[in-house]
Amino acid sequence: MGRGTSHFQPKRLAYDTIRYEVADDGVATVTLDQPETRNALSSELLGELTAAFEAARDDEAVRCVVLTSSHERVFSSGANLAGFGADVPLVHKHFGMSQFVRLFRLIGELGKPTLCAANGHVLAGSLGIALACDLIVAKEGAEFGTPEINVGAFPFMIMALIYRNVPRKRTNELLLLGERIGAQEAKEIGIVNKVVPADEFDEAVADWAGKLASKSPVIMRLGKEAMFRQQDMDFLDALDYLRSQLSVALSTEDIVEGVTAFFEKREPQWKGR
């Protein structure tokens, strides 16, 4: 996905099922790149996707991660169904499912904002990956759904993420009927943040990614950690935890720089500490 600037000189890492690029503005773009399988979530793709997010986490130059697809109409068709019926020991399938757990936790604890650029249909297990991201921008025409029930399966792994983003009755509808919904309806029920026409999609993604990458990295890391950890805390426990995190934030140089820049009517110069 282009960033819309002529000076874009990405740093690339080699993978077989995805593409990973880091632009000079700090935006890392992870592109699912197995169009012949409609980006089915094979063990190899999940492993490389995890490795890419780990690379983004560990690279101080990365300020934001965009997740998208090279397929023209499909973000991902979901889990590789052939693996469900494969003649391998059950314990091996059990270990394989841990890849989803590891990836969901990794994205949640990344310390950097994540943006899913849903340029095509987001189905089955890939809906969980999209919802693990902080924000979702969808292209008009993209559809969302959990069709597993239609093939005698069930979206066990991703329902934890769906129920934390979508009202219960609408989640029940998705899980039990297995029907797809359009991007606009996905926005209305809380899956998607923004729906954009195809000719404006890349620009809209680049705009949000650029804004996310421009924030203080140390405050973003503190904030992202707080967002992830407090979500399932009791209310009073959450308040105590968040007060402690605010005290940590007040000790940083960046919060002083941000306030000073605001009053001096200039752009802040983040030091990341």
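Student: Which residue in S8 does cysteine 116 stand opposite?

Tutor: Isoleucine 136. This is a predicted model, in which local features need pLDDT of at least 70, side-chain atom pairs count only at pLDDT 80 or more, and totals for chains, interfaces and linings use all residues. Residues are numbered from 1 along each chain as its sequence is written, and side-chain values use heavy atoms, with hydrogens and water left out.

Student: Which strands pair with S8?

Tutor: First the terms: helices (H or I, at least four residues) and strands (E, at least two) are DSSP runs numbered from the N terminus. Two strands pair if DSSP finds at least two bridges between them. Strand S6 (residues 114–118) pairs with S8 in the parallel sense over four bridges. S8 also runs parallel to strand S11 (residues 194–196), joined by three bridges; there alanine 138 stands opposite valine 195.

Student: Is S8 largely enclosed or open, and why?

Tutor: Buried means under 20% relative accessible area, exposed over 50%, and partly exposed in between (1.4 Å probe, protein chains only). Four of the five residues of strand S8 (residues 135–139) are buried, so the strand is largely enclosed by the rest of the structure.

Student: What is the strand order in the open sheet?

Tutor: In a regular strand the side chains alternate between the two faces of the sheet. Here four strands form an open sheet in the order S5-S7-S9-S10, with mixed pairing. Strand S5 (74–76) and strand S10 (181–182) are the edge strands, each pairing on one side only. Strand S7 (residues 121–123) and strand S9 (residues 143–145) pair in the parallel sense over two bridges, and leucine 123 has glycine 145 in S9 as its bridge partner.

Student: What is phi at asparagine 39 and at alanine 124?

Tutor: Most residues other than glycine have a negative phi. Asparagine 39 has a positive phi near 55°. Asparagine 39 sits in the loop between strand S3 (27–32) and H1 and is buried, with a relative accessible area of 0%. Alanine 124 also has a positive phi, of about 55°. Alanine 124 belongs to the loop between S7 and helix H3 (125–132) and is buried at 7% relative accessible area.

Student: How many salt bridges does a search of the whole structure find?

Tutor: A salt bridge is a side-chain nitrogen of Lys or Arg within 4 Å of a carboxyl oxygen of Asp or Glu. The search finds 15. In one of them, the side chains of arginine 102 and glutamate 54 meet at 2.7 Å, N to O. Arginine 102 lies in helix H2 (residues 90–108) and glutamate 54 in helix H1, so the pair ties together parts that are 48 residues apart in sequence.

Student: Where do arginine 164 and aspartate 232 lie?

Tutor: These two form a salt bridge, with the closest N and O atoms 3.5 Å apart. Arginine 164 is in the loop between helix H4 (159–163) and helix H5 (168–177), and aspartate 232 is in the loop between helix H8 (217–230) and helix H9 (235–250), 68 residues apart. Aspartate 232 is exposed, with a relative accessible area of 52%.

Student: Is lysine 271 buried or exposed?

Tutor: Lysine 271 is exposed, at 54% relative accessibility. Lysine 271 forms a salt bridge with glutamate 253, the closest N and O atoms being 3.7 Å apart. Glutamate 253 is partly exposed, with a relative accessible area of 36%.
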